[in-house]
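Here are my notes on the model you passed along. Have a look at the structure first, then read on.

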Amino acid sequence: MAKVCELCGKRPATGNNVSHAHNKTRRRWLPNLQSVRVFDDSGRRRRARVCTRCISAGRVRKAPRFQPSGKA
C-alpha cells in the first residue's frame, strides 16, 4: 500500500542519517497517515488514508460511526 495522503499527496521524504563520524546512510521520513471513514464527493462513505495535517486542518469531512438504534 502506498504511503501517500489521498488528499494533499504528501509522500515519504528522503535524506541521510549522519553519524558522529559523518558516515551517511539513506533514510526516509514517512508521513503520519491515518485510515479514516470519510464522505467522498458523491456523498458515499468510504475509507481513505489521510495525513494528520489534513485531518486537523478540516480538509476531511469525517463520516459518523454507525450507531445501532437498540430497537429489535
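1. A word on the ground rules. This is a predicted model, where local features need pLDDT of at least 70 and side-chain atom pairs count only at pLDDT 80 or more, while totals for chains, interfaces and linings use all residues. Residues are numbered from 1 along each chain as its sequence is written, and side-chain values use heavy atoms, with hydrogens and water left out.

2. Strands β1 (residues 13–18) and β2 (residues 24–29) run antiparallel and pair through six bridges; for the record, strands are DSSP runs of E with at least two residues, helices are runs of H or I with at least four, and both are numbered from the N terminus. Pairing asks for at least two DSSP bridges between the strands.

3. Now the turn, with five residues between β1 and β2. Most residues other than glycine have a negative phi. I'd look at that spot on screen. His22 counts as exposed because its relative accessibility is 53% (exposed is over 50%, buried under 20%, partly exposed in between, using a 1.4 Å probe and protein chains only).

4. How many salt bridges does a search of the whole structure find? One, taking a salt bridge as a side-chain nitrogen of Lys or Arg within 4 Å of a carboxyl oxygen of Asp or Glu. Glu6 and Arg46 make the pair, with their closest N and O atoms 3.2 Å apart. The partners come from distant parts of the chain, 40 residues apart: Glu6 lies in the segment before β1, Arg46 in strand β4 (residues 45–51). Glu6 is partly exposed at 43% relative accessible area, and Arg46 is partly exposed at 37%.

5. On the surface, Arg37, Arg45, Arg47 and Arg65 gather in a patch of positive charge. Patch members have over 30% relative accessible area and no salt bridge, with like charges joined within 9 Å; the place of an Arg charge is taken as CZ. Arg65 lies in the segment after α1 (52–56) and counts as exposed, at 66% relative accessibility.

6. Last, Gln34 in strand β3 (residues 33–39). Gln34 is partly exposed, at 34% relative accessibility. Gln34 and Gly15 are 19 residues apart along the chain, and their C-alpha atoms are separated by 23 Å.

Terms used
Patches are made of residues with over 30% relative accessible area and no salt bridge: like charges are joined within 9 Å, nonpolar side chains (Val, Leu, Ile, Met, Phe, Trp, Tyr) within 5 Å. Accessible areas come from the Shrake-Rupley method with a 1.4 Å probe; for residues, only the protein chains shown count as cover. Lys and Arg count as positive and Asp and Glu as negative; His and the chain ends are not counted.
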